[in-house]
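Work through the two exercises below with the sequence and the structure at hand, and try each task before reading its solution.

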Amino acid sequence: MRDRRNLVILTGAGVSAESGVPTFRADDGLWMGHRLEDVATPEAFARDPALVQDFYNRRRRQLPTVHPNAAHHALADLAARWDGDFLLVTQNVDDLHDRVHVATPPAAGFELIHMHGELLKAHCTRTGRVCDWPGDLATHEPSPHHPQGRLRPHIVWFGEMPLHMDRIEAALAACDLFVAIGTSGAVWPAAGFVELARSAGARTVEINLEPTPGGRRFDEGLYGPATETVPAFCATL
């Protein structure tokens with residue numbers, strides 16, 4: 001793989017799980033004790049904004065108690081020494097990738113995209129403008145961007161389009177190596193990234209605790225805890 005210059009890596013909940021960040025959906029079908037339909041849709045926010053704001057406020061407050069693990073650090077070290085284009089796309093809304101890149105600045109060709117939004121940001125319901133927001137959001141938090149607007153979590157909910165899809169698809173069309181780490185491969189459009197990369201002639205690798213239902217679409221699979229498999233894989237690059 002030493003001749004493969006353009007790299008796209010997709011990370012999911014499995015990368016942050018060993019840091020103590022709850023995975024997206026537990027075995028009982030609930031997300032931190034709630035049905036997804038009650039806290040992760042635009043309809044839920046319209047119906048019960050107090051519940052939705054409280055749900056994300058509690059997740060936001062949790063962030064200072066969790067820390068990047070060996071997988072985050074290995075990817076940051078790779079970004080610092082990668083001689084080529086490197087797009088890191090994460091489905092995670094935590095800030096663990098961001099923290100390690102502050103401590104280990106990446107090379108010039110690196111870019112990080114949070115395709116499902118970020119917990120530490122909010123956006124205006126009228127203008128869509130995004131702002132940093134590290135604290136709690138009130139039930140009807142007024143927007144600084146529009147007199148009739150209010151702020152909601154900067155999170156892509158079910159029924160909404162993930163962010164920066166044009167940029168992601170362009171990178172996949174030009175990549176030499178695509179790696180999916182800690183993601184179930186069940187949520188679209190991210191589940192289709194491997195096919196876009198394969199169409200571009202890229203080598204594709206799945207890294208996860210165990211093979212996913214879509215694992216057969218990858219050229220290679222590496223399985224085990226992210227804190228072990230990711231550093232080992234990055235060392236081969």
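A crossing is called left-handed if the near helix is turned anticlockwise from the far one by less than a right angle, and right-handed if it is turned clockwise. The model is predicted, so local features need pLDDT of at least 70 and side-chain atom pairs count only at pLDDT 80 or more, whereas totals for chains, interfaces and linings use all residues. Residues are numbered from 1 along each chain as its sequence is written, and side-chain values use heavy atoms, with hydrogens and water left out.

**Exercise 1.** Describe how helix 5 and helix 6 pack, and state which residues meet.

Solution. Begin with the geometry: helix 5 (residues 70-81) and helix 6 (residues 96-103) pack at an angle of about 50°, and their axes are 9 Å apart. The two helices are therefore oblique to each other (angles under 35 degrees count as roughly parallel, over 145 as roughly antiparallel, 65 to 115 as roughly perpendicular and the rest as oblique). Helix 5 passes helix 6 in a right-handed crossing. Next, list the residues in contact (heavy atoms within 4.5 Å): H72, H73, L75, A76 and A79 of helix 5 meet L96, H97, V100 and H101 of helix 6. By class, this contact has five nonpolar, four polar and no charged residues.

**Exercise 2.** Is S16 buried or exposed, and which residues does S16 touch?

Solution. Locate S16 in helix 1 (residues 13-16). S16 is buried, because its relative accessible area is 1% (buried means under 20%, exposed over 50%, partly exposed in between). Not counting residues up to four places away in sequence, S16 touches V21, N69, H72, N92, D94 and L96.

Key. Axes fitted to C-alpha atoms, helices over the stretch in contact; angles between N-to-C directions. Helix = DSSP H or I, 4+ residues; strand = E, 2+ residues; numbered from the N terminus. Nonpolar A, V, L, I, M, F, W, Y, C, P; charged D, E, K, R; others polar. Buried < 20%, exposed > 50% of the residue type's maximum accessible area, 1.4 Å probe, protein only.
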